[in-house]
Amino acid sequence: MGRTVEILTGKAELCRSIMGALPDWFSEPEVIEASAEAVEELPVFGYIEADVVTALIALKPHLPDAVEIALLATRPEYHGRGAGRHLVDAAERFAHESGARLLTVKTLAPRGRDEPQFEATRRFYDRTGFVRAEVFAKLWHEDHPCLFMVKPLAGNQPSETAL
């Protein structure tokens, strides 16, 4: 059994290490480097098993109402062992404590190709309570349609209802 911890130092190196081990998901070096630079400024949590950070999640607050999962990645040898679920739980706690009402994520939308790794990613988010909200065909690149998913957080409701 592992544990979730906040990562305060070495975020970029950790990001490069984990993303670099996942070429089926992250094959473009410039995407890995941009992600590594971005996580330095974001809250990052890691899942640790036997003194190894097996997975990481980087969060981008869009306060007051939303927190985005900017990156979630698990070392391939640890896939299917629960690290991702634990990190989504940590993201929900962080969002809830921040007063946010929504947790969001962007991932690759289906694009008519045999890409089981991306279908597995979408199913993971489905299982963890995210709703497929919208596809942005050209947000990232015309060959990389973006699926925007959202998860309402229980207990964080507006204090007044607009009429």
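This is a predicted model: local features need pLDDT of at least 70, side-chain atom pairs count only at pLDDT 80 or more; totals for chains, interfaces and linings use all residues.

Me: Why is the pair Phe124 and Tyr125 called edge-to-face?

Reply: Two values settle that. A pair of aromatic rings is described by the distance of the centres and the angle of the planes. Ring centres have to lie within 6.5 Å to pair, and planes over 60 degrees apart count as edge-to-face. For Phe124 and Tyr125 the centres are 5.2 Å apart and the planes stand at 70°, so edge-to-face it is. Both of these residues are buried, by the way.

Me: Are Phe136 and Phe148 buried, exposed or partly exposed, and how do you know?

Reply: Buried means under 20% relative accessible area and exposed means over 50%, with partly exposed in between. Phe136 has 30%, so it is partly exposed. Phe148 has 23%, so it is partly exposed as well.

Me: And why does Leu139 count as partly exposed?

Reply: Its relative accessibility is 46%, which falls between the 20% and 50% cut-offs, so partly exposed is the label. Leu139 lies in strand β6, which covers residues 131-141. Together with Phe136 and Trp140, Leu139 forms a nonpolar patch on the surface, with about 290 Å² of accessible area in all.

Me: Which residues touch the most other members of the largest nonpolar core?

Reply: Those are Ile57, Leu59, Ile69, Leu72, Leu103, Tyr125 and Phe130, out of 24 residues in that core. Several elements each supply at least two residues, including β3 (52-62), β4 (66-74) and α4 (116-127). Helix α3 gives the most, with 6 residues. Apart from this core lies another, of 19 residues, among them Phe26, Ile32, Val44 and Ala58.

Me: What does Tyr125 touch, beyond residues up to four places away in sequence?

Reply: Tyr125 touches Ile69, Leu72, Val105, Phe130 and Met149. Tyr125 also belongs to one aromatic cluster with Phe124 and Phe130.

Definitions and conventions: Residues are numbered from 1 along each chain as its sequence is written. Side-chain values use heavy atoms; hydrogens and water are left out. A nonpolar core is a set of buried Ala, Val, Leu, Ile, Met, Phe, Trp, Tyr and Cys residues joined through side-chain atoms within 4.5 Å. Buried means under 20% relative accessible area, exposed over 50%, partly exposed in between (1.4 Å probe, protein chains only). Helices (H or I, at least four residues) and strands (E, at least two) are DSSP runs, numbered from the N terminus. Contact means heavy atoms within 4.5 Å. Patches are made of residues with over 30% relative accessible area and no salt bridge: like charges are joined within 9 Å, nonpolar side chains (Val, Leu, Ile, Met, Phe, Trp, Tyr) within 5 Å. Accessible areas come from the Shrake-Rupley method with a 1.4 Å probe; for residues, only the protein chains shown count as cover. A salt bridge is a side-chain nitrogen of Lys or Arg within 4 Å of a carboxyl oxygen of Asp or Glu. Rings of Phe, Tyr and Trp (its six-membered ring) pair if their centres lie within 6.5 Å; planes under 30 degrees apart count as stacked, over 60 as edge-to-face and the rest as tilted.
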